[in-house]
Amino acid sequence: LAEAPAPAMSFFGLTYLGSGNIFRNTRANRLDGLLAVPAEAFVDAFHQMSLERTRSKLAGEIGVDGVSFMMRGELPELMERVLGRVPEREELDVFLTFFDITATGVIDVREFEDGIARMRHRSEHPASSRNYDSSIQMQRDRAKNRRHRTDPQMAYAKPLLASQEYGWFTHQAQPSEIGFRREYRGVQKTDVTLNEGRSLQSYFGEM
């Protein structure tokens, strides 16, 4: 009789298909598919999709050199064009890890080149997901609140747990001197300060 398939492992209420091993599913792998493409090919694709060729009017409106900028939201399309195929999930995750897709709408060429260099380094030199070979050393680091020298982005394809999402994108490429940096402004007013002086009952419409 044929053996029945083993049930998938449950991890904190979430079921993972495949090996059922959360650490094996998310560990970083060497990505030869990305390394096979030279960095120059990515830069050439950047210029082909630059604002000068695709949105020259927009480049004039925002006052930038159209050759040096492209739309940030088109980065996944650029990757697919360079690879000549739909990228695998880990390839796309690694690619987007080193680009801030939530920043301004355009990305400058120097920030792009920096992000590509970071992506290629991670693809060629993935770190081991095992941080320690000694439990004693681990206990010493934990007691002194010392962070391990290996960053999670180099050892995992994506955040392993929700807590790892904080700071996951700290190694992204940043806009250069020709790019647009994100401006952080404090909140001037909230729904509470706007209605300051009202009681809880009147605030929620209760008399």
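Predicted model: local features only at pLDDT ≥ 70, side-chain atom pairs only at ≥ 80, totals over all residues.
A pocket is an open set of points on a 1 Å grid over the protein atoms alone where a 1.4 Å probe fits, with protein on both sides within 12 Å along at least five of seven lines; lining residues have an atom within 4 Å of a point. Of the 17 lining residues, N131, Y132, R142, H148 and T150 are the closest to the centre. Helices α9 (135–143) and α10 (152–155) each give two or more residues to this lining; helices are DSSP runs (H or I, at least four residues) numbered from the N terminus. The lining comprises six nonpolar, six polar and five charged residues (nonpolar: Ala, Val, Leu, Ile, Met, Phe, Trp, Tyr, Cys and Pro; charged: Asp, Glu, Lys and Arg; polar: the others, Gly among them).

The axes of α7 (residues 89–97) and α8 (residues 109–124) come within 9 Å and cross at roughly 135°, with axes fitted to C-alpha atoms over the stretch in contact and angles running from 0 to 180 degrees between N-to-C directions. The contact (heavy atoms within 4.5 Å) involves E90, V94 and F95 of α7 and I116, M119, R122 and S123 of α8. By class, four of these residues are nonpolar, one is polar and two are charged.

Residues are numbered from 1 along each chain as its sequence is written. Local features need pLDDT of at least 70, side-chain atom pairs count only at pLDDT 80 or more, totals for chains, interfaces and linings use all residues, and side-chain values use heavy atoms, with hydrogens and water left out.
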